[in-house]
Amino acid sequence: MLNNIGLPGLLLIAVVVLVLFGRGKISSLMGEVGKGITAFKKGVGDGTQELEDERSEEAKDVTPENTEDHKDKV
């Protein structure tokens, strides 16, 4: 359905949206969309960093305990 829009159709849609909502409203809306995308990217990056930190902590904790201490306690 949307395959046949083309450049003239997109320009017509852009002009109609601009007339209906006005330049200021569209500008503020696009600013909010940009902030949302930035926050999403930051959240994804923080989650990825958290997972990497957990994996590195697990990798550090693979050394076996000292067996001499266990002999003294038993």
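**Surface patch and salt bridges**

Let's start with the surface. Leu-10, Leu-12, Ile-13, Val-16, Val-17, Leu-20 and Phe-21 make up a nonpolar patch there, with about 690 Å² of accessible area together. Patch members have over 30% relative accessible area and no salt bridge; nonpolar side chains (Val, Leu, Ile, Met, Phe, Trp, Tyr) are joined within 5 Å, like charges within 9 Å. Areas are Shrake-Rupley, 1.4 Å probe, and for residues only the protein chains shown count as cover.

A word on the source. This is a predicted model: local features need pLDDT of at least 70, side-chain atom pairs count only at pLDDT 80 or more, and totals for chains, interfaces and linings use all residues. Numbering runs from 1 along each chain as its sequence is written, and side-chain values use heavy atoms, leaving out hydrogens and water.

Ile-13 sits in helix 1, residues 6–21. Helices are DSSP runs (H or I, at least four residues), numbered from the N terminus. Ile-13 counts as partly exposed because its relative accessibility is 46%. The cut-offs: buried is under 20%, exposed over 50%, partly exposed in between (1.4 Å probe, protein chains only).

Now, how many salt bridges does the whole structure hold? Two. The criterion is a Lys or Arg side-chain nitrogen within 4 Å of an Asp or Glu carboxyl oxygen.

Glu-32 pairs with Lys-35, closest N and O atoms 3.8 Å apart. They are three residues apart in helix 2 (residues 23–60), so about one helical turn separates them. Both Glu-32 and Lys-35 are exposed.

Asp-46 bridges to Lys-42, 3.9 Å from N to O. These two are four residues apart in helix 2, so again about one helical turn. Asp-46 is partly exposed, at 44% relative accessibility. Lys-42, at 56%, is exposed.
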